[in-house]
Amino acid sequence: MERLHSIADTYYRALSTEDQKKVLGFISSMDKDGSGFIDIFEFKQYLKEHGYNDYAGSDIFKKLDMVGDNRLGHSEMLNLFYIILSGRPFCMGCEDFIMAEYFVCVECFQKSSAPVYLCLTCYKNRNYKHSHGINENPLFLDTYAMLECKRLSALAENGQASNAPSSSKTAPSSSKTSTSRRIGAIAFKTFETALGLANLQVELVGAGIAAGIGAGSGCTIM
Ligand SMILES: [Zn+2]
Ligand SMILES: [Zn+2]
């Protein structure tokens with residue numbers, strides 16, 4: 001929780017004084033009894049009223065309670081807002097809230113409103129069942145690899161990297177070559193740790209390196 005808190009705290013401190021006051025005012029509005037803290041009842045009531053039932057039913061209150069006094073102060077509540085707004089997910093395997101890095105199914109990430117996420121332990125121990133049609137071993141990427149893929153895809157969409165197929169008569173630009181290599185490197189790194197992904201390895205590494213991003217490779221987003 002410390003790492004997550006430092007991110008939430010950084011966001012908060014980067015706000016203007018006026019916006020900081022708004023955030024604190026909002027947190028205070030949850031404090032129905034005016035105690036200066038949010039207790040478990042106020043916490044659950046707020047989450048249910050705002051449609052965050054997943055969070056209300058989890059043991060997230062305990063995790064948020066860094067001090068361990070069964071109540072949440074303002075800085076601890078900042079963590080909750082960050083968690084909700086940043087879309088921190090739950091693990092499909094153990095169903096626990098994922099506090100830090102995760103693996104996500106690339107295909108779901110692109111196409112589903114509810115992608116399949118896994119904590120590191122469940123992914124490592126294969127504590128999940130997930131498939132896409134005949135593909136019984138969908139590709140999962142970790143948080144950082146997924147972010148890098150998304151960045152490369154955005155570059156391609158903005159015309160900073162060609163997404164033309166390699167069969168194009170135009171010679172590949174250096175940025176395209178570089179982008180393709182980066183995708184290949186990400187794919188290889190992933191495959192080093194992911195077992196049993198031979199089919200997708202062919203699809204991602206083959207299509208990704210040969211055709212660049214935007215050509216239907218597993219790494220392409222949107
Ligand atoms: Zn898990
Ligand atoms: Zn999936």
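**Sheet, core and helices**

Me: What is the bridge partner of Val104 in β2?
Reply: Tyr117 is the bridge partner of Val104 in β2. Bear in mind that this is a predicted model.

Me: How many bridges join β1 to β2?
Reply: There are 2 bridges, and the two strands run antiparallel.

Me: And in what order do the strands form the sheet?
Reply: The order is β2-β1-β3, in an open sheet of 3 strands with antiparallel pairing. β2 and β3 are the edge strands, each pairing on one side only.

Me: Back up a bit. How many helices and strands are in the chain?
Reply: The chain has 11 helices and 3 strands. Along the sequence the pattern is α-α-α-α-α-α-β-α-β-α-β-α-α-α.

Me: What share of the residues is buried?
Reply: Of the 222 residues, 27% are buried.

Me: Which residues touch the most other members in the largest nonpolar core?
Reply: Val104, Tyr117, Leu118, Phe140 and Leu141 do, in a core of 22 residues. β1, β2, α8, β3 and α9 each supply at least two residues of this core. α9 gives the most, with 5 residues.

Me: What is Val104 in contact with, leaving aside its neighbours within four places in sequence?
Reply: Its contacts are Phe109, Pro115, Val116, Tyr117, Phe140, Leu141 and Met146.

Me: What about a second core?
Reply: There is a separate one of 15 residues, which includes Ala8, Leu47, Leu64 and Leu72.

Me: Now α9. Which residues are buried there?
Reply: Ala145, Met146, Cys149, Leu152, Ser153 and Ala156 are buried in α9. Seen down the helix axis, they fall within an arc of 125°, so they line one face of α9.

Me: Why would residues three or four places apart point the same way?
Reply: Because an α-helix has 3.6 residues a turn.

Me: Which residues are exposed on the other side of α9?
Reply: Tyr144 and Leu147 are exposed there.

Me: How many residues does α9 have, and how far does the helix reach?
Reply: α9 covers residues 143-157, which is 15 residues. The reach is 21 Å from first C-alpha to last, close to the 21 Å expected at 1.5 Å a residue.

Me: What follows α9?
Reply: Gly159 does, with a positive phi near 80°.

Me: Switching to Val106. Buried or exposed?
Reply: Val106 is buried: 25 other C-beta atoms lie within 10 Å. The residue lies in α7, residues 106-111.

Me: How far apart are the C-alpha atoms of Val106 and Phe140?
Reply: They are separated by 5.7 Å, though the residues are 34 apart along the chain.

Me: Where is His130 found?
Reply: His130 is in the loop between α8 (120-124) and β3 (140-142). The residue is partly exposed, with 16 other C-beta atoms within 10 Å.

Me: What is His130 in contact with?
Reply: Beyond its neighbours within four places in sequence, His130 contacts Met92, Cys105, Val116 and Pro138. His130 and Cys105 are 25 residues apart in sequence, and 8.9 Å apart C-alpha to C-alpha.

Me: Last one. Which residues does the EF-hand annotation cover?
Reply: The UniProt record, an unreviewed entry, annotates residues 18-53 as "domain: EF-hand". In the model, residues 18-53 are 67% helix and 0% strand. The end C-alpha atoms of that stretch are 30 Å apart.

Key:
Residues are numbered from 1 along each chain as its sequence is written. Chains are lettered from A and ligands numbered from 1 in the order in which they are written. This is a predicted model: local features need pLDDT of at least 70, side-chain atom pairs count only at pLDDT 80 or more; totals for chains, interfaces and linings use all residues. Helices (H or I, at least four residues) and strands (E, at least two) are DSSP runs, numbered from the N terminus. A residue is buried if 20 or more other C-beta atoms lie within 10 Å of its own, exposed if 12 or fewer, and partly exposed in between; C-beta atoms are placed from the backbone. UniProt positions are given in the numbering used here, feature names are shortened, and annotations may be inferred rather than shown by experiment. The expected span of a helix is 1.5 Å times one less than its number of residues. The arc is that of the directions from the helix axis to the C-beta atoms. Two residues are in contact if their C-beta atoms, placed from the backbone, lie within 7 Å. A nonpolar core is a set of buried Ala, Val, Leu, Ile, Met, Phe, Trp, Tyr and Cys residues joined through C-beta atoms within 7 Å. Two strands pair if DSSP finds at least two bridges between them.
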